[in-house]
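Dear colleague,

My notes on it follow directly after.

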Amino acid sequence: MEEKEILKRLRFKFPVEVEDSAVSLGDDVIVIAKDALLPVATFLKEKAQDYAMLLDLTCVDFRGKEPRFEMVYHLFSLSRNIRLRLKVRLSEQDLWIDSLTGLWKNANWLEREVFDMFGVRFEGHPDLRRLFMYDGFEGYPLRKDYPLRKRQPPTRLRD
Amino acid sequence: MSGDKKKRPPAGQFITTQFNSLLGWARKFSLFQYPFITACCGMEYMSMVCAHYDFDRFGAGWTRFSPRQSDMLFVVGTISQKEAPVLRTVYEQMTEPKWVVAFGTCTVSGGIYDNYAVVQGIDKIIPVDIYIPGCPPRPETVLEGFLKLQEKIQHQEQEWRWKKKKS
């Protein structure tokens, strides 16, 4: 029953910022506004809630819909063995979000990956470079409008 | 290679041809391979090199882990765009004469990875002598391909140190 409780508490503490909440396949899902990401994440990491672990962080491209992008954060509480999915919708014109590196250190590389593949900028990230693709690669390959057979000029050895 | 049109070459040239053939025979049985293994084809490579299929029967049992000591490059597995310059460097570091084997569909054409990250065939980066398709190829297929490579080495024009240059 803890699952429902956390959603209730979030709705109570952030009545405006929480846009939607649901339980999907036994896991809590919550959609929040972009500005509320840092306060909500800080609240969830506190000892009372204890979502100590950021399992994964990724982005989804819903091409043709508005807002087009959706950031998904998978949180896990080690002490209580429950999960929480945090979603933030981003429009293409305003494609940035606060970085979570201050709260979970592993967000560093995960956010670099999302930046590499989708072009989402993370405000406050210490080292926002491409993670997988090489320097000089143009475009964001996991966006739905990246051409499937597009080839880029070959790269050179890094110094 | 029809026998009836064959003319007997002059004595000097005869020795050269025989020496060319001798070098080819020696070289095809003393290949030192450099395995450039990046992906799952490596498993198949291992079974081919080890005792079950015993690559050493054909004189290529020695793996060299420095490209400078090897003359046959085995490219086994998917080559990503980021890895391409590394492969090119390894190829350039190898001693002459050298041969390249493309092992598996990924190295031949990119395979199922028809996307932004993967090189669509290593012949975009380096010259390839033998293509061995298969995902992964059976060891028999690889041995067949290797025999083809030996045939190629036997019949190609050999280079050696004091060879007279044509023209």
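A residue is called buried here if 20 or more other C-beta atoms lie within 10 Å of its own, exposed if 12 or fewer do, and partly exposed in between, with C-beta atoms placed from the backbone. The model is a predicted one, in which local features need pLDDT of at least 70 and side-chain atom pairs count only at pLDDT 80 or more, while totals for chains, interfaces and linings use all residues. Residues are numbered from 1 along each chain as its sequence is written, and chains are lettered from A and ligands numbered from 1 in the order in which they are written.

Loop residues with positive phi

D50(A) is partly exposed, as 14 other C-beta atoms lie within 10 Å. Its phi is near 60°, a positive value in a residue other than glycine. D50(A) sits in the loop between α2 (37–45) and β3 of chain A; helices (H or I, at least four residues) and strands (E, at least two) are DSSP runs, numbered from the N terminus. In chain B, D54(B) also has a positive phi, near 50°, and is not a glycine. D54(B) lies in the loop between α2 and β2 of chain B and counts as partly exposed, with 13 C-beta neighbours inside 10 Å.

Cis peptide bonds

E66(A) and P67(A) are joined by a cis peptide bond with omega about -5°; P67(A) belongs to the loop between β3 and β4 of chain A. Another cis bond, with omega about -10°, links E96(B) to P97(B), and P97(B) is in the loop between α3 and β3 of chain B.

The sheet of chain A

Chain A has an open sheet of five strands in the order β1-β2-β5-β4-β3, with mixed pairing; two strands pair if DSSP finds at least two bridges between them. β1 (18–24) and β3 (53–61) of chain A are the edge strands, each with a single partner strand, so one side of each has no neighbour in the sheet. On average, neighbouring strands of this sheet are turned by 20° against each other, direction ignored; axes are lines fitted to C-alpha atoms, for helices over the stretch in contact, and angles run from 0 to 180 degrees between N-to-C directions. Nine bridges connect strand β4 (residues 69–77) of chain A with strand β5 (residues 82–90) of chain A in the antiparallel sense. In this pairing, L75(A) has L84(A) of β5(A) as its bridge partner. Helix α3 (residues 107–118) of chain A packs on the sheet and touches β3 and β4 of chain A, its direction making about 10° with that of β3(A). Contact between two residues requires that their C-beta atoms, placed from the backbone, lie within 7 Å.

Chain B

Chain B has five helices and four strands, which run α-β-α-β-α-β-α-β-α from the N terminus on. Its C-alpha trace spans about 55 × 40 × 30 Å along the principal axes. Of its 167 residues, 32% count as buried.

Helix α2 (residues 41–49) of chain B contains E44(B). Is E44(B) buried or exposed? E44(B) counts as buried, with 22 C-beta neighbours inside 10 Å. Beyond its neighbours within four places in sequence, E44(B) is in contact with P136(B), P137(B) and P139(B). The buried residues of α2(B) are C41(B), E44(B), Y45(B), M48(B) and V49(B). Seen down the axis of α2(B), these fall within an arc of 130°, so they line one face of the helix; the arc is that of the directions from the helix axis to the C-beta atoms. Their cover includes β1 (33–37), β2 (72–76), β3 (99–103) and α5 (139–155) of chain B.

The nonpolar cores

A nonpolar core is a set of buried Ala, Val, Leu, Ile, Met, Phe, Trp, Tyr and Cys residues joined through C-beta atoms within 7 Å. The largest has 33 residues, of which L73(B), F74(B), V75(B), V101(B), A102(B) and F103(B) touch the most other members. Two or more residues each come from β1, α2, β2, α3 (84–93), β3, β4 (130–132) and α5 of chain B. Apart from this core lies another, of 27 residues, among them V40(A), I97(A), M117(A) and F122(A).

The contact between the chains

Eight residues from chain B and eight residues from chain A make up the contact.

With kind regards
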